[in-house]
Amino acid sequence: MNYRQSCRLMKIALGIGAAAGFLGALLELGAMTSLGVAAAIAGVVQAMFFCRCPYCGESLEIRGGLPNYCPVCGKKLV
């Protein structure tokens, strides 16, 4: 998995997790709320492991979107 796929998967997991968590809280379904929280946490954890620079392997700062250049080695991210 490359860093772009990892970031996309994290955004999808956060969206699904937020929707399921909100809907579960609204309908007072504890299992659905827990599932939503778990999906959001899983999305963030996978991004911590897979959203890395393909050149130096350092973790990319993805708050605010993907950077164009690696903040550590300075190489352009394609």
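1. Let's start at Pro54. Skipping neighbours within four places in sequence, Pro54 is in contact with Tyr3 and Leu77, where contact means heavy atoms within 4.5 Å. Pro54 lies in the segment after helix H2 (30-50); helices here are DSSP runs of H or I with at least four residues, strands are E runs of at least two, and both are numbered from the N terminus. Pro54 counts as exposed because its relative accessibility is 52%; exposed is over 50% relative accessible area, buried is under 20%, and partly exposed is in between, with a 1.4 Å probe and protein chains only.

2. A word on what you're looking at. This is a predicted model, in which local features need pLDDT of at least 70 and side-chain atom pairs count only at pLDDT 80 or more, while totals for chains, interfaces and linings use all residues. Residues are numbered from 1 along each chain as its sequence is written, and side-chain values use heavy atoms, leaving out hydrogens and water.

3. Now the whole chain. The protein has two helices and zero strands. Its radius of gyration is 15 Å, well over the 12 Å that the globule rule gives for 78 residues, so the protein is more spread out than a compact globule. That radius is taken over C-alpha atoms, and the rule is 2.2 Å times the number of residues to the power 0.38. Along the principal axes, the C-alpha trace spans about 50 × 20 × 15 Å. Pro54 and Gly36 sit 18 residues apart along the chain, with 30 Å between their C-alpha atoms.

4. How much of the protein is buried? Of its 78 residues, 26% count as buried. The accessible surface comes to about 5200 Å², and 66% of that belongs to carbon and sulfur atoms; the areas come from the Shrake-Rupley method with a 1.4 Å probe, and for residues only the protein chains shown count as cover.

5. On to the inside. The largest nonpolar core has 10 residues, including Tyr3, Met10, Ala47, Cys51, Ile62 and Leu77. Such a core is a set of buried Ala, Val, Leu, Ile, Met, Phe, Trp, Tyr and Cys residues joined through side-chain atoms within 4.5 Å. Helix H1 (residues 3-26) gives the most to this core, with three residues. Beyond its neighbours within four places in sequence, Ile62 is in contact with Met10, Ala47 and Cys51.

6. Last, have a look at Gln46 in helix H2. Gln46 counts as buried because its relative accessibility is 12%. Not counting residues up to four places away in sequence, Gln46 touches Met1, Ser6, Leu9, Met10 and Cys51.
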